[in-house]
Amino acid sequence: MKNKTSFPPQEGETHPSRCPDNSAFKQQKLPAWKPHLTLATVLSTFFLTGAFCLSVGVCLILSANSVREIQIDYSEKCSDCSKLRENTSNWNKECHCFVNFTLKEDILGDVFMYYGLKNFYQNHRRYVVSRSDAQLLGRNVNIQKSSCAPFTTYQNGTPMAPCGAIANSMFNDTIDLFYNINSSVIQVPLLKTGNSWWTDKNVKFHNPKSYNVSSAFAETARPPYWQKPVYLLDEEDEKNNGYVNDDFIIWMRVSAFATFRNLYRRVSRVRQFADGLPAGNYTFHISYNFPVSKFKGRKHVILSTVVWSGGSNPFLGIAYVVSGTVAALTGFVITAIHLKLRKKKTYFQK
Amino acid sequence: MSLFGLKFGKKKLKEEERQLQANNRDFNLQFEYANNTIKTSKYNFFTFLPLNLFEQFQRIANAYFLFLLILQLIPQISSLAWFTTVVPLVLVLAVSGVKDAIDDFNRHKSDKHVNNRPVQVLINGMLKDEKWMNVQVGDIIKLENNNFVTADLLLLSSSEPHSLTYIETAELDGETNLKVKQALTVTAELGEDLQKLTEFNGEVRCEAPNNKLDKFTGTLTLRGEKYALDNEKMLLRGCTIRNTEWCFGLVIYAGPDTKLMQNSGKTTFKRTSIDRLMNVLVLVIFAFLGLMCLILAIGNGIWEYNKGYYFQVYLPWAEGVDSASYSGFLMFWSYVIILNTVVPISLYVSVEIIRLGNSFYINWDSKMYYPLSDTPAQARTTTLNEELGQIKYIFSDKTGTLTQNIMCFNKCSINGKSYGDVHDMSGQRIEITENTEKVDFSYNQLADPKFAFYDHSLVEAVKLSDVPTHRFFRLLSLCHTVMPEEKKEGSLVYQAQSPDEGALVTAARNFGFVFRARTPETITVVEMGETKIYKLLAILDFNNVRKRMSVIVQSPEGDLTLYCKGADTILYELLHSSCDSLKEETTEHLNEFAGEGLRTLVVAYKNLDKDYFQDWSKRHHEASTALEGREDKLSELYEEIEKDLMLLGATAIEDKLQDGVPQTIETLAKANIKIWVLTGDKQETAMNIGYSCNLLNDDMDDVFIIEGSTSGDVLNELRNARKKMKPDSFLDSDEINIQFEKSSKNSKVVPDEQANGVYGLVITGHSLAYALEGNLELELVRTACLCKVVICCRVTPLQKAQVVELVKKYKKAVTLAIGDGANDVSMIKTAHIGVGISGQEGMQAVLSSDFSFAQFRYLQRLLLVHGRWSYIRMCKFLKYFFYKNFAFTLVHFWYGFFSGFSAQTVYDEWFITLYNLVYTSLPVLGMSLFDQDVDDRWSMLFPQLYVPGQQNLYFNKVVFVKCMLQGIYSSLILFFIPFGAMYNTMRSDGKAIADYQSFALMAQTCLLIVVSVQIGLDTSYWTVVNQFFIWGSLSVYFAITFTMYSDGMYLIFTASFPFIGTARNTLGQPNVWLAIFLSITLCVLPVVGFRFLKAQLRPTPSDKVLLKIKEAKKRPPPPSPKRRLRRTSTRRSGYAFSHQHGFGALIMSGRNMRPKSPFATTGTFSPNSDKYKHKGL
């Protein structure tokens, strides 16, 4: 319906020709790279990838194997405590539990201590959203409007600090490690800070501004499952207290899966532990507070070293080796098929 | 043009009879007849928003997203932030809305243009300039020469004698020869006397508006007397007044009621087959989505029952949720929201953008630009591009589409000598090209400068006063019914009823026998500069049985001669026996001419004895005044005198094809496209063109002609034809018959059948009318589709549409109709794709077409290059698009099993919002706008490459399922590799790695890189733009991610960007990158291997062609072969005098002669027309 076109061409002499531009773009003649799947590229892709994957896989497996890891399921070993905790009315009763293990060889290097939880759905949608980031930034917010439900305020209106299901369910067992040497027991020195991300510690979490931590949390109450208020999380270290407590920060970084491990402590490399953990008998001294038996959960304590590729999980290594092998084999298959086809072709060609 | 008459049709009962009175608006108003406004637009300013939104929400996808939005507003269900849906939805609605608005604005403009054309209307005794739209039924209007007829008019009077009015009906039926209309004598008396016209109060009763162009019945009651009205007195809208200074007409039908508009049919919104397939697929995906959500909902129910119930210590159930099953129910809807990205809304937007882009390429193509008329190709509809790559049937008009509608006197044979070929020194024939030296006609001042002839020997013969040659041209200048027109001294214009006659007379004129003027009794010819006046004694006119015409003239010297020209078969019977040897030579020449596809004609003369003629003339007079059996008596007399003729020679006229038509047809045929020619021409002309443009040829096993005049005859003819082509197709054991038995009655699709040879079918309009009736339809389709070529002649515009409709109904194939005239409009609108030839005078076809260009030969480029590319691009786009969204979305599905079926997303919400919109939109658009598997030259050289499109091979349900499976596979990799890599492990600095945010980041990075590599693999034509889009999108992803995860963003928008620091902390980990690399390898390598092996082991025909091309590319490309198609036909065509009876009677009666004429002493035809100046006649 363009009116221009309805004029007979003779009238067109006055206005410029309607001939389209002869540009490469308009004529679809832009210079281009036209890759094709040729035998050479396909085979080299397969063989090179195969070789690369195989070598990476072997490296990964080797390094994963060099990781020393001790994992102990203490929810089973501490069955008494676990039973006690099943009944919520015993929440304020203390329960201690001792788990022994023996190191046959020294664990050299940095040793990390993790707690592991199984069957704990930290990745449940309603759980994940149940927090107030603004509150954790130390801002004075009305948490009624946040997504903390159902752990926002008590019936009397006192807001929970911190609010939300994540904070409320914080892992609160304390685990100490003792080295039994020559019938004497030495507590292994453990570092409780520096375990979280720098950004979390310094940007994402801030205590409310006040002259001291406890006053910052005035007019708030601890979450219902907590034994002590948030400003008593670490009474020894002001910089590790309140919202910026490392254990709390780590817990608040929810896990992607229902089975996960969080960094709990690092072995401080001092005195006889300067090279790591020497061989010998050890005891975990656990103050058992966190109930898991109700939802068939499990608790672990893990001691592990790390390498460049992380922990002892061999998955990536194996996956690389398998992929590399399959790629290389496919390369051979393709070669075979091609040779066969070429024979056929020459046969058919007159 | 969709809503014509709708408004009126709904309001009142169907009109049965029309009644109106001239000059009486009040009387006519009571019937509420439509006025002359036409409306093709859909919206006005106020209705646009509601109507357009209403229309847009009728699309399944848009309605679905609205529904999603509502779901998201329910807090218990909402699993994603509202912006994830609103942003794309608003964007989509806005883009389509703007496009619709622009389209409608253009329609408004064109309506306004037509409605505001001026016309003179007689109001209160005065002629007033009015706009077309204000013309009412019953008005009397005045039209002048070269005006378009405003509405359907009853002709009242005109400037010409006997109130004749000449009109050109090209817009209506495609015929360019002039037609004569004549008013009733009672109304003719009104003349241009405004007083009388104002007092004219005739009352007309006639049939209700209909679409029959050749029929009109009604009565005019004037002063108590009734006069019958028929089509001869009607001027229809769409015609153009020619050679008539002025005429008056009474408006009978206006606006939407006019025959033109009634014939234009309703525009249905055209959708491509991919559109329809997409709709089906979207439904399939919905079902699939429902299934996934159901599985996850059930999973949630079980999980809540087994685990969630106990986990309530830490995570109590949401408010109002009291049972696992209720939780499952809510989760169903939550998952609907999360998984909705399998049907991304951006799909529709992207599809539109791609089509638009590919349409622009058509507009921009300089190889489809026709410099002579300064016309570029134009994609008028921008939503049908990929369908151009799937055409299986082409329905073509003849005149103006295949042919230029220019007749050229090309060759002749005079007294046994053939003229017209050019020979070189050694006597070899040379091809005539533009550089060949033309014959110089400067000796003749009256010569037509546009006439071209190359054989100099003929001029020599004329100059040497060779007697037969002179007689030959004298015959051509005398024996015809052409009207001369001489506005300026020396510039002659001929008005011929058929272009063939014009060509012959023009030839004679140039060779020195100038037909200059005629009166009823005389013909003035300037013979070699000497004016001679011949007495015209009789015209023995042409008709379809006689196939010849003769004139009897008396030369100034007093000799009586009969000159005759006609079809060879007829004329040879009438020759004198002394011509036998000449006959043989001439026959040889005739065969030669026919072999070149020329239209031939034999000319002969006879000297008459005076006494005999006087006797004959007396009897002729008696016969022509006889009351009974006039026709028979006359034809007996004609036969009596037209015998013992002396053969003079033969003429050969070229019905000039448009450039490159035979080559185009050959190429299209190689691409497995079937071509049907639908023409209003008569059978002989149509078949002749069929032969000359290589549609029909002598290598065909048979050409069937269906011309039965009863339903039974037609059936028999069709069946006999089919029996010959496929003898076993009548057996019960024939597969198709069996299939028919089984298939349901109302949706029959005729599968393709194979004939045992190459056949052609010619069917006349009359038989076609029977064949299109209910029970014969199927016979027609089955027979016609067995033939390689079908030619339908003498078809009406409506029949054209019916034929197209028929094929659409019974064949699962994409059809294309191409034409240039208003008579092709209905066909153009009916076919899946309508193409208009632009640059001609009529614009109707172009206005209703989807694509337009100036030359038929551009069709091959449109289909084989643009169509093919568009189709391939669209298919690649869809394949990739579905793949990337399946891979994207299904990761959520797998994650459901590990997150308690809680509708937790794997990715960051921002990633979900931006994935389709920003991160992956441009690379795929780049591919769909630039990709070429082979360049245009190769796709023209190997038309076979077009075939996969016709068979719908590149995107169909099977392909879709494959994409889906690939998507599912990728999503598995994309979930489980990051999962495995993070499970129970830690970072290299000992900190935990498996937190949700790190996992999300890792999974989304994996996904994005994998789909980017995949698009790289799919792209076979990497332009700078592609590179820029692909690398750019990846960089943008990282840039946006780092920005959104930055401290600043978190501190400002705490709630929106909780992923602070994740990118910095996670992307530095070696095993994150190792996992990403592994995902890419596992997702992409199998595809590479599979594609390569498939091309090796099971190459498709087009794979083979591509291989051939690849090999050929190594050598320098061959020069595009210059083929000159030699036609080998020995078939001869008769002479197309005219579709109707000749003008002979009119000339002899002198009714069309006017007494005065400016230049010649005798009358001229009419001084007004300049039409044929363009045509070079």
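Chain A has a radius of gyration of 32 Å, whereas a compact globule of 350 residues would have one near 20 Å. The model is predicted. Along its principal axes, the C-alpha trace of chain A spans about 100 × 65 × 40 Å. Chain A holds 10 helices and 11 strands, and 50% of its 350 residues count as buried.

### Charged patches

One surface patch is negative and consists of B:D580, B:E584, B:E585, B:E588 and B:E592. Of these residues, B:E588 is found in helix α17 of chain B, which covers residues 580–595. B:E588 counts as exposed because its relative accessibility is 57%, and the cut-off for exposed is over 50%.

A patch of positive charge gathers A:K34, B:R937, B:K1110, B:K1113 and B:K1114 on the surface. Its largest share, three residues, comes from helix α40 of chain B (residues 1101–1114). B:K1110 lies in helix α40 of chain B. With 31% relative accessibility, B:K1110 counts as partly exposed.

### Salt bridges

Side chains of opposite charge can pair when their charged atoms come close. Over all chains, a search of the whole structure finds 50 salt bridges.

| Salt bridge | N to O distance |
|---|---|
| B:R474 and B:E527 | 2.8 Å |
| B:R548 and B:E642 | 2.6 Å |
| B:D824 and B:K800 | 2.5 Å |

B:R474 forms a salt bridge with B:E527. This pair links distant parts of the chain, 53 residues apart: B:R474 is in helix α14 (residues 467–478) of chain B and B:E527 in strand β23 (residues 522–527) of chain B. Both B:R474 and B:E527 are buried.

The side chains of B:R548 and B:E642 also meet in a salt bridge. The two residues are 94 residues apart and link distant parts of the chain, with B:R548 in strand β25 (residues 548–554) of chain B and B:E642 in the loop between α19 (630–641) and β28 (646–657) of chain B. B:R548 is buried, with a relative accessible area of 6%; B:E642 is buried, with 0%.

In the salt bridge of B:D824 with B:K800, the partners again come from distant parts of the chain, 24 residues apart. B:D824 sits in the loop between β33 (814–819) and α27 (825–830) of chain B, and B:K800 in helix α26 (residues 797–810) of chain B. B:D824 counts as buried at 0% relative accessibility, and B:K800 is buried with a relative accessible area of 1%.

Salt bridges that share partners join A:K29, B:D365, B:K367, B:R861 and B:D936 into one network.

Methods:
Residues numbered from 1 in each chain as written. Chains lettered and ligands numbered in written order. Predicted model: local features only at pLDDT ≥ 70, side-chain atom pairs only at ≥ 80, totals over all residues. Heavy atoms only, no water. Patch = residues over 30% accessible without salt bridge, like charges linked within 9 Å, V, L, I, M, F, W, Y side chains within 5 Å. Areas by Shrake-Rupley, 256 points an atom, 1.4 Å probe, with all protein chains shown as cover. Salt bridge = Lys/Arg side-chain N within 4 Å of Asp/Glu carboxyl O. Lys, Arg positive; Asp, Glu negative; His and termini not counted. Charge placed at Lys NZ, Arg CZ, Asp CG, Glu CD. Helix = DSSP H or I, 4+ residues; strand = E, 2+ residues; numbered from the N terminus. Buried < 20%, exposed > 50% of the residue type's maximum accessible area, 1.4 Å probe, protein only. Rg over C-alpha atoms; globule rule 2.2 N^0.38 Å.
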